[in-house]
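Subject: The structure we talked about

Hi,

Here is the structure I promised to pass on. Have a look at it first, and then read on for what I found.

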Amino acid sequence: MRARLAIDGGDPVRTRPFPTRAEGMGDAELEQLTEVIRSGNLNRVGGRKTAEVERAFAELLGMRHALAVTSGTAAIHTAVAAVNPDPGDEIITTPLTDMGTVIGIIYQNAIPVFADVEAGGYHLDPDSVRSLITPRTRAIIPVHIWGMAARMEEFLEIGRAGIPIIEDCAQAYLTEYDGRRVGTLGTLGCFSLQQSKHITCGDGGLVVTNDDGLAERARLFADKGWDRTGEDRGHAFLGMNYRITELQSAVALAQLGRVKEWVGRRRALGDALTRQISGIPGLHPPATSETSGNTYWFYPLRIVEEEFGQSRDWFVRAVNAEGIPAWVWLRGGPLYMYDALRLQRTFGTSHHPFDCACASRRIDYGPGLCPNAERTLEELVCLTVHEFYTESDIADMATAIHKVAEAASSR
Ligand SMILES: *Cc1c(COP(=O)(O)O)cnc(C)c1O
């Protein structure tokens with residue numbers, strides 16, 4: 001007889017809690033932090049840790065320049081500012097991402113133009129991007145979502161016409177595309193050190209580039225336009241203060257020492273889960289580390305209701321009842337469905353830059369704009385896979401998913 005689902009009062013597959021990431025933070029971080037505190041200097045100016053993080057990260061990726069800033073959002077804002085769009089210029093990106101991808105675009109008075117993702121997929125569709133390019137297109141921001149690489153060769157091809165490509169790698173440390181690491185392929189690469197990312201210092205971000213001019217603009221922008229080489233401040237152009245502190249950099253430096261090992265672990269575990277749950281009707285695992293360079297920020301799964309027999313939300317409830325963490329990401333839909341964008345709530349009573357005379361056309365957001373992204377988010381479930389999970393944690397997840405799927409198909 002089939003085992004009764006926990007959601008129907010049966011015994012759950014798993015009663016022990018899953019490992020947390022707390023053990024990823026410890027003595028190495030404390031040692032670095034202690035050095036900073038004892039030095040009495042917490043600002044990057046006069047300190048050493050931020051410079052060390054930048055050197056180590058540039059070296060890890062084989063890039064000429066890395067700049068550490070206060071968040072992934074700040075990293076993308078800084079990259080956009082380095083590219084220096086004119087007000088009303090357009091930047092094409094995906095609506096299936098974190099709000100941090102678009103905030104900096106709007107703060108630089110540019111307009112996010114959302115291209116759709118591939119049908120049944122997670123990444124920007126190059127054809128959709130091509131169809132939206134205008135003389136006002138100033139950059140394209142592909143997002144390597146969940147740790148899987150976007151179709152970079154197509155975006156680089158589009159970029160050859162003179163459009164900078166800014167890679168959003170917030171979820172994709174050490175993800176590989178065609179044997180090369182993401183963040184090193186486009187004009188600029190942006191990373192996040194926020195708590196949930198592969199490595200963290202609470203909040204922080206990194207920008208990498210091989211372009212000396214862009215690196216210099218990025219550095220000035222994130223430091224109030226302050227030219228620290230001269231006798232006076234210079235203030236060459238309008239910037240922000242996105243300086244990360246030595247405290248954050250101390251932690252980031254320690255974390256950086258483990259990123260390769262952790263990513264290797266995530267790859268092995270994520271791929272193992274995919275092997276164990278592939279072939280279930282209506283349940284679509286993500287591409288593996290071999291086919292997409294996947295480094296598994298989280299583990300996305302699509303539940304196609306017509307094939308699966310039950311809804312996505314039922315799946316989440318049933319799996320949760322079995323003791324397996326699973327949740328819905330962006331329940332509200334693609335980014336443009338959220339009030340800040342849909343209603344273009346920006347500055348004061350205006351909708352700047354959307355209603356600015358500087359814009360060459362009216363951009364409206366709302367349901368139906370990117371049907372594939374909307375569909376993907378309706379089908380999406382997130383599972384956790386991280387470096388402190390074990391093979392037996394993965395086996396429990398697979399057992400619960402099989403149990404739930406068998407019940408779903410026969411209900
Ligand atoms: C986390 C994230 C950001 C923003 O980073 P923060 O450090 O949270 O500001 C941007 N893009 C993506 C894809 C992210 O996952």
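This is a predicted model: local features need pLDDT of at least 70, side-chain atom pairs count only at pLDDT 80 or more; totals for chains, interfaces and linings use all residues.

**The ligand**

Gly 72 works through its backbone instead, with an N or O atom 2.7 Å from a ligand oxygen. On its own the ligand would expose 380 Å², and the protein buries 93% of that.

There are 15 residues around the ligand, and the ones that come nearest are Gly 72, Thr 73, Asp 168, Ser 192 and Lys 197. By type, the shell splits into 9 polar, 3 charged and 3 nonpolar residues. Helix α3, which covers residues 72-83, gives the most to this shell, with 3 residues.

**The four-stranded sheet**

Next, the strands. Four of them form an open sheet with mixed pairing, in the order β1-β9-β8-β5. At its edges are β1 (65-69) and β5 (166-168), each of which pairs on one side only. On average, neighbouring strands in this sheet are turned by 20° against each other, ignoring direction.

Within the sheet, β8 (residues 188-192) and β9 (residues 205-209) run antiparallel and are joined by 5 bridges. If you want a pair to look for on screen, Phe 191 stands opposite Leu 206 in β9.

**Strands β2 and β4**

Another pairing to look at is that of β2 (residues 90-93) with β4: these run parallel, with 4 bridges between them. Here Thr 93 stands opposite Ile 141 in β4. Why is strand β4 largely enclosed by the rest of the structure? Of its 5 residues (137-141), 4 are buried, so the rest of the structure largely encloses it.

Thr 94 sits in the loop between β2 and α4 (100-107). Is Thr 94 buried or exposed? Its relative accessible area is 2%, and buried means under 20%, so Thr 94 counts as buried. The side chain of Thr 94 reaches the backbone nitrogen of Leu 96 at 2.9 Å.

Do write back with any questions.

Best wishes

Terms used. Residues are numbered from 1 along each chain as its sequence is written. Side-chain values use heavy atoms; hydrogens and water are left out. Buried means under 20% relative accessible area, exposed over 50%, partly exposed in between (1.4 Å probe, protein chains only). Helices (H or I, at least four residues) and strands (E, at least two) are DSSP runs, numbered from the N terminus. Two strands pair if DSSP finds at least two bridges between them. A residue is near a molecule or strand if one of its heavy atoms lies within 4 Å of it. A polar contact is a pair of N or O atoms within 3.5 Å; within protein, one must be able to donate a hydrogen and the other to accept it, and residues adjacent in sequence count only if both atoms are side-chain atoms. Accessible areas come from the Shrake-Rupley method with a 1.4 Å probe; for residues, only the protein chains shown count as cover. Ala, Val, Leu, Ile, Met, Phe, Trp, Tyr, Cys and Pro count as nonpolar, Asp, Glu, Lys and Arg as charged, and the others, Gly among them, as polar. Axes are lines fitted to C-alpha atoms, for helices over the stretch in contact, and angles run from 0 to 180 degrees between N-to-C directions.
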